[in-house]
Amino acid sequence: MNDPFDIRDILRGTGGRPGDLIGILQTVQDRFGHVPAAVLPSLARHLRLSPGEIYGVLSFYPRFSLRPPARHVIEVCLGTACHVRGGESVAREIGRALAINPGQTTPGGEFDLKTVNCLGCCAIGPVLRVDGRIEARVTPARARDLVLELQAGERKA
Ligand code: FES
């Protein structure tokens, strides 16, 4: 059986040098949905970096996560265009509905709530990305309905 954390397989096509670390971590994240801790020792050995150096990069970039994503991931855009159209109210309403703050996960791992700076579709803001799907012109009321739909399983991930 293949080792899912086979470092040679992971590094294939990445350059495999210490200067490629961010790209390598992105490759790992894309493959597993997060950066599994089990990858780090062999990655550090192969790149001749300390685990602390790798952890420093992982913790600097919010896009990397050491744990698997929640079942539903809600990202609220708070870039300038979305912010001026009410993105903060949308984020607040979702936080209220889930009883968590941005950057947190609901107990049980059902929802991750994140904020992002721009999703590249400013003209249709305020924008959410829910499980990878863009929701346009979201109002606080619509945001609450989305959460209720996800909680009721009425909306497919
Ligand atoms: S600012 Fe929200 S999509 Fe650009």
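Strand β1 and strand β3 (residues 111-116) pair in the parallel sense through 6 bridges; two strands count as paired if DSSP finds at least two bridges between them. The model is a predicted one, in which local features need pLDDT of at least 70, side-chain atom pairs count only at pLDDT 80 or more, and totals for chains, interfaces and linings use all residues. Residues are numbered from 1 along each chain as its sequence is written.

β1 is also joined to strand β4 (residues 128-130), by 3 bridges, and these two strands run antiparallel.

Strand β1 (residues 72-77) has 5 of its 6 residues buried, so it is largely enclosed by the rest of the structure. A residue is buried if 20 or more other C-beta atoms, placed from the backbone, lie within 10 Å of its own. Of the 157 residues of the protein, 22% are buried.

In total the protein has 7 helices and 5 strands, where helices (H or I, at least four residues) and strands (E, at least two) are DSSP runs numbered from the N terminus. Their order along the sequence is α-α-α-α-β-α-α-β-β-β-β-α. Along the principal axes, the C-alpha atoms occupy a box of roughly 50 × 35 × 25 Å.

Key. Buried ≥ 20, exposed ≤ 12 C-beta atoms within 10 Å, placed from the backbone.
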